[in-house]
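Visitor: Could you show me how to read the interior and the overall build of a protein chain?

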Amino acid sequence: GDEVGKINALSVMDVGDIQFGFPSQLTVKTFRGSGNIISIQRESNLSGPIFDKAEHTVIGYLNSMFAMERPLPLTISFTMEQMYGPVDGDSSSLALYYAILSSIANMPIRQDIGITASLSQHGQIQPIGGVNEKIEGFFTACRAAGNLTSTQGVVISRTNINDLALNEEVVQAVEGGMFNVWAITNINEGIQLFMGKDAGVRDRYGRFPKDSLYWSVEQSLSRLTSPKK
């Protein structure tokens with residue numbers, strides 16, 4: 001199905017000499033505020049410095065997109081659900097950006113896709129480590145939940161393609177059309193996959209096309225800015 005403000009961010013767990021990937025549900029809630037971000041992992045002393053840096057990078061890009069004329073009129077709260085140990089790294093930063101947009105615009109995200117990619121402050125999609133373990137971990141989770149549906153898969157950065165060395169089971173599932181690996185080069189490709197919407201590009205008047213995702217985001221932000229009557 002699909003959910004608002006929820007996305008499958010992929011992680012790697014180290015147990016001794018063994019590494020394996022698994023999906024974590026990253027969730028976001030947004031509400032009227034003054035541009036603050038609440039990282040529940042950080043507030044609970046469970047996040048590392050790279051994770052915290054990635055969070056602020058996402059907010060920097062979000063502000064550059066939607067806060068050039070006025071501050072963001074909302075507070076963002078996010079967490080990696082049911083992760084009770086330390087978490088670090090920047091591979092969930094693109095997932096965080098998508099989940100924030102989903103929450104603001106009230107636009108649901110597909111739950112049969114996982115994602116592992118880093119986002120720069122300029123909106124570039126960056127590579128991450130452990131890409132094979134993360135894809136294989138999500139594949140295993142999908143299979144364990146029932147039969148593969150052919151719609152499931154993982155989104156990665158195109159710059160990670162040369163790092164792929166997936167096990168034969170995953171390779172056969174992809175070749176047979178039962179599982180997917182999507183390599184994206186820009187934010188808009190991921191928005192199309194996850195939400196079935198065009199992100200939208202501002203016209204010469206600074207407006208996004210009506211019914212684009214970014215148009216919906218700006219409409220929601222405008223409602224937060226305007227006091228209730």
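Predicted model: local features only at pLDDT ≥ 70, side-chain atom pairs only at ≥ 80, totals over all residues.

Visitor: How many helices and strands does the chain have?

Guide: Helices (H or I, at least four residues) and strands (E, at least two) are DSSP runs, numbered from the N terminus; here there are 7 helices and 11 strands.

Visitor: What share of the residues is buried?

Guide: A residue is buried when its relative accessible area is under 20%, exposed over 50% and partly exposed in between, using a 1.4 Å probe and protein chains only; in this chain 48% of the 229 residues are buried.

Visitor: Which residues have the most contacts inside the largest nonpolar core?

Guide: A nonpolar core joins buried Ala, Val, Leu, Ile, Met, Phe, Trp, Tyr and Cys residues through side-chain atoms within 4.5 Å. The largest one has 51 residues, and Phe66, Tyr97, Tyr98, Ile187 and Tyr214 have the most contacts inside it. Among the elements that give two or more residues to this core are strand E3 (18-32), helix H2 (49-66) and helix H3 (93-105), and H3 gives the most, with 10 residues.

Visitor: What does Phe66 touch?

Guide: Contact means heavy atoms within 4.5 Å; leaving aside residues up to four places away in sequence, Phe66 touches residues including Leu72, Tyr97, Leu101 and Tyr214. A second, separate core of 15 residues includes Cys142, Ile156, Leu166 and Ala183.

Technical notes:
Residues numbered from 1 in each chain as written. Heavy atoms only, no water.
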